[in-house]
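Reader: I have a single chain open and want to go through it piece by piece. Can we start with the surface and work inwards?

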Amino acid sequence: MTLVVQPVTVQYAAQVWPLVEEHIEEALKYANGDYTIDQLKAFVCTGQQTLIVAVDSDNKIQGAATIFFDNGPNDRVAFITAVGGKMITGKDTFLQLRAVLGLQGATKIQGAVRPSMARLSKKYGFNEVAVLMEIKL
């Protein structure tokens with residue numbers, strides 16, 4: 001199956017959201033409560049985060065990701081806040097994701113991932129730069 005990775009502009013986010021909600025909810029199982037599905041929807045629909053979709057030849061969405069852009073002094077970081085369905089698990093879709101994020105000015109892609117996703121990400125050139133630890137107060 002050939003997929004096309006493309007951003008969803010904010011004016012269409014509310015229309016597209018019902019088509020991606022299942023994929024994003026799938027990803028949030030591993031998010032440790034950082035976001036709820038309603039919070040991510042609000043961030044995407046107000047333009048605080050960007051929605052990226054992977055669409056098949058029948059124009060059916062097979063995967064989706066939400067991205068937070070952080071403008072730092074040296075890089076514009078595209079931080080993946082959620083990814084579900086078929087998105088970056090294939091070389092072609094990952095290369096398309098890189099291109100889409102680059103067209104939005106990103107100079108780096110980052111994400112906080114579980115160990116299995118870290119192993120997969122290394123296949124696409126990601127490097128482990130830190131181990132994130134936390135404790136609730």
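**Surface, fold and packing**

Author: The chain exposes about 8,700 Å², and carbon and sulfur atoms supply 53% of that area. Keep in mind that this is a predicted model.

Reader: What percentage of the residues count as buried?

Author: Of the 137 residues of the chain, 36% count as buried.

Reader: And the secondary structure, how many helices and strands?

Author: There are four helices and five strands in the chain. Along the sequence they come in the pattern β-α-α-β-β-β-α-β-α. The radius of gyration is 14 Å, close to the 14 Å that the globule rule gives for 137 residues, so the chain is as compact as a globular protein of that length.

Reader: What does the C-alpha trace span along its principal axes?

Author: About 40 × 35 × 30 Å.

Reader: Of the contacts between residues at least 6 apart in sequence, what share joins residues at least 24 apart?

Author: That share is 60% in this chain.

Reader: Switching to α3. Which of its residues are buried?

Author: Thr 93, Phe 94, Gln 96, Leu 97, Val 100 and Leu 101 are the buried residues of α3. They cover an arc of only 160° around the axis, which puts them on the same side of α3.

Reader: What is on the face turned away from that side?

Author: That face of α3 carries the exposed residues Lys 91 and Leu 103.

Reader: How far does α3 reach, first C-alpha to last?

Author: Helix α3 takes in residues 91–103, 13 residues, and reaches 18 Å. That is close to the 18 Å expected at 1.5 Å a residue.

Reader: What do its buried residues pack against?

Author: The buried residues of α3 pack against β1 (4–8), β2 (50–55), β3 (61–71), β4 (76–85) and β5 (108–111).

Reader: Then the strands. Is β3 mostly covered or mostly open?

Author: Mostly covered: eight of the eleven residues of β3 are buried.

Reader: How many bridges join β2 to β3, and in which sense do they run?

Author: Six bridges join β2 to β3, and the two strands run antiparallel. Ala 54, which lies in β2, stands opposite Gly 63 in β3.

Reader: Is Ala 54 buried or exposed?

Author: Ala 54 counts as buried, because its relative accessibility is 0% and the cut-off for buried is under 20%.

Reader: How far is Ala 54 from Phe 94?

Author: Their C-alpha atoms are 10 Å apart in space, while the two residues are 40 apart in sequence. Phe 94 is one of the buried residues of α3, and β2 is among the strands that the buried side of α3 packs against.

Reader: On the other pairing, over how many bridges do β3 and β4 pair?

Author: β3 and β4 pair over nine bridges, in the antiparallel sense. In β4, Gly 84 is the bridge partner of Ala 64. The two strands form a hairpin with four residues between them.

Reader: And how many residues sit between the strands in the hairpin of β2 and β3?

Author: Five, and in that hairpin Asn 59 takes a positive phi near 65°.

Reader: Is Asn 59 buried or exposed?

Author: Asn 59 is exposed, with a relative accessible area of 62%.

Reader: Where is Asn 32, and what is its phi?

Author: Asn 32 is found in the loop between α1 (13–28) and α2 (37–45). Its phi is near 60°, a positive value in a residue other than glycine. Asn 32 is exposed, with a relative accessible area of 52%.

Reader: Last one, α2. Which residues there are buried?

Author: Ile 37, Leu 40 and Val 44 are buried in α2. They cover an arc of only 65° around the axis, which puts them on the same side of α2. The buried residues of α2 pack against α1, β2, β3 and β4.

Key. Residues numbered from 1 in each chain as written. Predicted model: local features only at pLDDT ≥ 70, side-chain atom pairs only at ≥ 80, totals over all residues. Heavy atoms only, no water. Expected span 1.5 Å × (residues − 1). Buried < 20%, exposed > 50% of the residue type's maximum accessible area, 1.4 Å probe, protein only. Arc of directions from axis to C-beta. Contact = heavy atoms within 4.5 Å. Pairing = 2+ DSSP bridges. Rg over C-alpha atoms; globule rule 2.2 N^0.38 Å. Areas by Shrake-Rupley, 256 points an atom, 1.4 Å probe, with all protein chains shown as cover.
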